[in-house]
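Here is a brisk report for a reader who is new to this structure. Look over the sequence and the model, then read on.

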Amino acid sequence: MSDSATATAHKVTLIAGDGVGPEVASATKDILAAAGANIHWDEAVAGKEAFEGGIASGVPQDTIDSIDANRVALKGPLETPVGFGGKSANVTLRKLFEMYGNIRPCKELPNIGGPFAGRGIDLIVVRENVEDVYAGIEHMQSPGVAQCLKLISRKGCEKISRLSFELARSLGRKRVTCATKANIMKKTEGLLKSTFEDVAKEFPEFTSDHIIIDNACHQLVIRPETFDIIVSTNMNGDIVSDLTSGLVGGLGLAPSMNLGDQAVMFEAVHGSAPDIAGQDKVNPTALLLSSVMMLRHFGEFETADKIEHALYVTLEEGKALTGDIAQGRPAVGTKRFAEEIIANLGKRSDKLVDRDYTPINMPKVSSDLDFVKCSDRRDVGADVFIESGKMPDEVGKSLEQIAEGSNLQLKMISNRGTQVYPVAAAAFDGVDHHRCRFVMRDKSQAMTEADLLDLLQRVGQSWRWIHIERLPEYNGEPGYTKAQGED
Ligand code: NAP
């Protein structure tokens with residue numbers, strides 16, 4: 001590269017990754033270079049090599065510094081070693097740079113075949129990327145009962161909802177569908193639904209709707225072509241986007257982008273595919289299409305179009321395809337497939353309808369920690385979780401006695417969400433994890449710190465309490481849900 005080309009090059013942190021990562025990264029780099037993309041690659045390490053070098057996060061400081069400086073990364077898959085190392089290096093990277101929007105397009109490619117071929121699928125899953133159960137806050141509350149906290153914030157919901165509409169605007173899309181499990185998880189999943197509905201009012205030019213996530217999966221395999229943009233919480237989005245990848249030919253074809261205010265990281269949806277690593281068998285299309293998204297992010301629309309057309313022509317010709325998409329035809333290796341795409345640069349496919357792209361207008365959302373302020377709030381009681389192998393009747397009677405003379409009284413006990421005291425469900429097969437709900441005897445009074453501490457002291461003398469939750473009311477609305485069977 002000449003000095004002037006280097007000076008104007010887009011600087012990108014390249015993490016080739018584990019398993020098949022180096023092969024897909026090498027093919028992608030070759031194709032981008034042949035297409036004339038002016039990129040300066042800053043090669044960095046994360047994943048297996050970092051874990052083996054004793055870095056518990058799987059992400060060395062040099063890599064963090066490189067992304068911090070370049071603000072753009074292209075990443076191959078990273079293995080999460082089983083048995084050593086800590087959290088997933090992928091999740092660490094997304095969280096470190098608060099890349100809260102995971103954008104996963106799913107578009108039918110030519111000549112791929114499969115049960116959904118010809119349906120014209122062209123949708124995008126927008127997955128919230130940093131909250132939900134992926135916050136990874138887990139505890140064994142008793143030797144036999146595990147808990148994972150599902151944290152969903154109004155701020156997170158607002159950012160991802162706004163991003164979905166801004167994405168729709170930037171890509172000329174028409175409909176944004178919010179997919180949640182709000183019918184069951186009314187507070188957490190419900191927060192995305194209600195926030196999305198509020199934000200949607202500011203984007204009246206789009207059709208917006210809500211669908212229960214399980215129905216979304218059902219509809220996706222019945223009439224996938226009717227979806228445009230689907231926005232969802234982290235875990236639902238993770239699952240749904242793998243499903244949608246399968247609709248159009250599999251993980252080898254599915255690109256993605258992780259978007260935040262500080263940095264953006266492009267990566268294939270697939271993992272390190274250790275069964276085919278180092279064998280020149282992997283399909284590099286997913287990372288290549290991720291790099292096409294990256295070029296559009298840079299505003300390099302012409303180069304992006306050139307590569308996408310060459311890929312389409314290669315797929316249409318069908319004479320040099322990797323094994324996962326060859327469908328009985330003789331398969332070629334990763335390198336040969338990349339060479340064929342390079343040979344087709346400059347050709348145009350009439351199957352590829354060019355879209356108008358404009359840069360995404362990143363949502364401006366306040367960075368206040370107390371994002372939602374509430375003028376009128378009070379606690380009406382507390383849930384005290386107790387570990388005990390005793391039956392609910394014995395626990396309940398004891399707790400009623402223990403609370404005598406205090407300002408709080410036992411309202412009910414539930415076991416895994418179902419009321420078991422004072423009235424039990426018809427069938428009981430419980431565990432040693434009891435949620436004991438205490439409320440103020442005088443309902444006109446709010447619970448004070450002294451009330452709560454007095455209760456805990458009393459309970460702690462006879463029972464092992466493992467966890468407490470206040471029962472808040474915000475502007476008169478309960479900030480907690482009822483147990484199954486609770487009146
Ligand atoms: P995977 O690596 O995605 O592979 C699953 C299977 O899909 C492969 O065995 C291969 O199947 C096929 N496949 C995936 N990508 C392909 C491609 N580009 N070309 C052709 N075939 C492809 O999933 P996994 O086996 O569950 O995960 C392996 C490791 O990757 C784990 O350590 C996991 O934690 C990690 N992972 C990382 C990321 C990431 O970095 N973003 C994402 C997911 C998983 P066949 O050869 O059998 O057809």
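How many aromatic pairs does the count come to? The count comes to 4 aromatic pairs. One caution before the details: this is a predicted model.

## The aromatic cluster

Start with Phe-165 and Phe-196. Why is this pair stacked? The ring centres of Phe-165 and Phe-196 are 5.3 Å apart and the planes meet at 20°; planes under 30 degrees apart count as stacked, so this pair does. The pair links distant parts of the chain. Phe-165 is in helix 6, which covers residues 154–171. Phe-196 is in helix 7, which covers residues 188–200.

Buried or exposed? For Phe-165, the relative accessibility is 0%, so this residue counts as buried. Phe-196 is buried too, because its relative accessible area is 2% and the cut-off for buried is under 20%.

Phe-165 also pairs with Phe-203. That pair is stacked, with 4.8 Å from centre to centre and 10° between the planes. Phe-203 lies in the loop between helix 7 and strand 9 (207–212), whereas Phe-165 lies in helix 6, so the pair ties together parts that are 38 residues apart in sequence. Both Phe-165 and Phe-203 are buried.

Which residues form the cluster? Phe-165, Phe-196, Phe-203 and Phe-206 form one aromatic cluster.

Helix 6 also holds Arg-162. This arginine has a relative accessible area of 14%, so it is buried. The side chain of Arg-162 makes a polar contact with the side chain of Glu-202, at 2.9 Å.

## Charges over rings

Two arginines sit over aromatic rings. The charged end of Arg-127 is over the ring of Tyr-134, 5.1 Å from the ring centre. The charged end of Arg-175 is over the ring of Phe-227, 5.4 Å from the ring centre.

## The ligand site

How many residues surround the ligand? The shell has 21 residues. The closest are Leu-78, Asn-90, Gly-271, Ala-273 and Asp-275. By type, the shell divides into 8 nonpolar, 7 polar and 6 charged residues.

| Residue | Protein atom | Ligand atom | Distance |
|---|---|---|---|
| Glu-267 | side-chain N or O | nitrogen | 3.2 Å |
| Gly-271 | backbone N or O | oxygen | 2.7 Å |
| Ser-272 | backbone N or O | oxygen | 3.0 Å |

Taken alone, the ligand exposes 880 Å². The protein buries 64% of that area.

## The chain as a whole

Now step back to the whole chain. There are 15 helices and 18 strands. The C-alpha trace spans about 85 × 50 × 45 Å along its principal axes. The chain has 487 residues, and buried residues make up 50% of them.

Val-125 and Ser-256 are 131 residues apart along the chain. Their C-alpha atoms are separated by 9.5 Å.

## Backbone exceptions

Most residues other than glycine have a negative phi, and most peptide bonds are trans. Some places in this chain depart from that.

Which peptide bond is cis? The bond from Tyr-421 to Pro-422 is cis, with omega near 5°. Pro-422 is in the loop between strand 15 (418–421) and strand 16 (433–440).

Asn-111 has a positive phi, near 65°. Its place is in the loop between strand 4 (101–107) and strand 5. Asn-111 counts as partly exposed, because its relative accessibility is 33%.

Asn-475 has a positive phi as well, near 45°. This asparagine is in the loop between strand 17 (464–474) and strand 18 (477–478). At 48% relative accessibility, Asn-475 is partly exposed.

Note on methods:
Residues numbered from 1 in each chain as written. Predicted model: local features only at pLDDT ≥ 70, side-chain atom pairs only at ≥ 80, totals over all residues. Heavy atoms only, no water. Near = heavy atom within 4 Å. Polar contact = N/O pair within 3.5 Å; in protein donor to acceptor, adjacent residues only side chain to side chain. Areas by Shrake-Rupley, 256 points an atom, 1.4 Å probe, with all protein chains shown as cover. Nonpolar A, V, L, I, M, F, W, Y, C, P; charged D, E, K, R; others polar. Phe/Tyr/Trp six-rings, centres within 6.5 Å; stacked < 30°, edge-to-face > 60°. Helix = DSSP H or I, 4+ residues; strand = E, 2+ residues; numbered from the N terminus. Buried < 20%, exposed > 50% of the residue type's maximum accessible area, 1.4 Å probe, protein only. Lys NZ or Arg CZ within 6 Å of the ring centre and 35° of its normal.
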